[in-house]
Every structure is written in structure tokens, then in C-alpha cells.
Amino acid sequence: MDIQITIGSLRTKGYAVSNFDTVEHAAAYIDRATDNKRVGFGDSLTLQQMVLYRILSTHNEVSDPQQCTETDDFLATARKCLSSDVFVTSVNALSETGEMVNIDATGNRIAGSLFGHEKVFFVAGVNKVVPTLEDAIWRARNIAAPRNAKRLQRRTPCAVRGDRCYDCSSPDRICNGMAVYFRKMDDVEMEVVLIGTELGY
Ligand code: SF4
């Protein structure tokens, strides 16, 4: 994929874009840009791999549903994220033409990424970039979702077979809603942080 074309497309669609070679540089950038804020995370393996919760928590109030233990209230934490000053999440796929796609089970990640904050960061490794919006939807459904279903130990055909989406009717299905970000939402600052390494699914 051509990252410079991707960056240009995202800027045309209203996003601020930053691009880093390493996870460490990207995490340090978000850390510098976010101080003394209420920060909410949208469930993201990418953010986990960046250890961003620990980094930002030293000088922000950070809520992350993925930090919840069995005794914590996941939904209460997820609701808190929806009214944070800053929301940080990833995407399942991102096209060279500047569109992004997310699939969600509970909806907290998609909801938080669209409205209610001063700023939203979308953080994505280069493995998420594909040529077109059609490819991005295909990737989200057939690569990201099955891998996440397997990671979350869901009893779904995609997790068992690991090859593609079966559009299942399983009670464990994780694909209940899909957001296509055609361009930046109105009245909120949105920045895409691209990282030149593989992160998340
Ligand atoms: S719809 Fe079902 S089979 Fe398809 S990716 Fe989602 S959980 Fe897997």
C-alpha cells in the first residue's frame, strides 16, 4: 500500500494525520498530546500492544473496558468512555482512498468513535491499510472479525475454522454493527495515527 497516498486521502477527508515508524514514537506522540484529560478507550488490541493505558494513566484519568476484571462493571466503564474528553481507538481496516471501517459487538467502540468528545484518535498499524473501501469492509469482516473472535474464545464458525466470516447466527457472534467512516465527523477533532508496523488484527 502507498502510505503517502493514504495520508493524502485522509487529509482530504478532514482528518489530521500523523505517521510514525515505531510504536514507541506513536505512543510518545499521543502521550504528549493528551494531558490532564478524561480519556476513554474503545476496545483495541492495538492500544494494548502499545501499552497506552499505562502510559496515559500517569497524567490522565483513563477508562478502558479491556482493563476490567470479572468483578468490574464492563458496561459502566464503557459508558464512562462515551463522555470522556478524548477517545482513543483503532480501526479494523483503512483504505488508501481514506475511508475507515469498524465492526463492533457491544457498540461502545463505534459509539465512542463518532460523537461526544473534544478529540478522537484512530490508531492503526500499516497492516490495516487496503486499496479501497470495498476491500476495507471485506478485511473487517473476513480478517479482523474472525481473528478477534478467536482471540476472545468465541464459539463461532470463524473462530473454529479461522479462514473467513460465515455470517453466523451464533449467540457468540461479535459482528452486530459496522461503522463506515466516510470522512471526519462534524464538530469534533479527529486524528489518524498511522504506525509502520503490524498491530492488532
Ligand atoms: S459474523 Fe460470525 S462468523 Fe462472521 S466474523 Fe462475525 S462472528 Fe465470525
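Leaving aside neighbours within four places in sequence, Pro65 is in contact (heavy atoms within 4.5 Å) with Phe41, Asp43, Phe74, Thr77, Ala78, Cys81 and Asn108. This proline is found in the loop between β3 (61-63) and α5 (74-82), where helices (H or I, at least four residues) and strands (E, at least two) are DSSP runs numbered from the N terminus. Pro65 is buried, its relative accessible area being 3%; buried means under 20% relative accessible area, exposed over 50%, and partly exposed in between, with a 1.4 Å probe and protein chains only. The C-alpha atoms of Pro65 and Val23, which are 42 residues apart along the chain, are separated by 22 Å.

This is a predicted model, in which local features need pLDDT of at least 70 and side-chain atom pairs count only at pLDDT 80 or more, while totals for chains, interfaces and linings use all residues. Residues are numbered from 1 along each chain as its sequence is written, and side-chain values use heavy atoms, with hydrogens and water left out.

One of the partners of Pro65 is Asn108, a residue placed in helix α6 (residues 108-114). Asn108 is buried, with a relative accessible area of 7%, and, apart from neighbours within four places in sequence, it touches Asp43, Pro65, Phe74, Ala78, Leu82 and Phe87.

From this local picture we can turn to the chain as a whole. The protein chain holds eight helices and 10 strands. Its radius of gyration is 16 Å, close to the 17 Å that the globule rule gives for 201 residues, so the chain is as compact as a globular protein of that length; the radius is taken over C-alpha atoms, and the rule is 2.2 Å times the number of residues to the power 0.38. Along its principal axes the C-alpha trace spans about 45 × 45 × 30 Å. Of the 201 residues, 50% count as buried, and among contacts with a separation of 6 or more, 73% are accounted for by residues 24 or more positions apart.

In soluble globular proteins, nonpolar side chains tend to be buried together. Val192, with its neighbours within four places in sequence left aside, is in contact with Leu10, Tyr15, Ala16, Val17, Ser18, Leu94, Met100 and Phe122.

Asn36, in the loop between α2 (23-33) and β2 (38-41), has a phi near 55°, a positive value in a residue other than glycine, and at 67% relative accessibility it counts as exposed. Val51, in the loop between α3 (45-49) and α4 (52-57), likewise has a positive phi of about 55° although it is not a glycine, but Val51 is partly exposed, with a relative accessible area of 35%.
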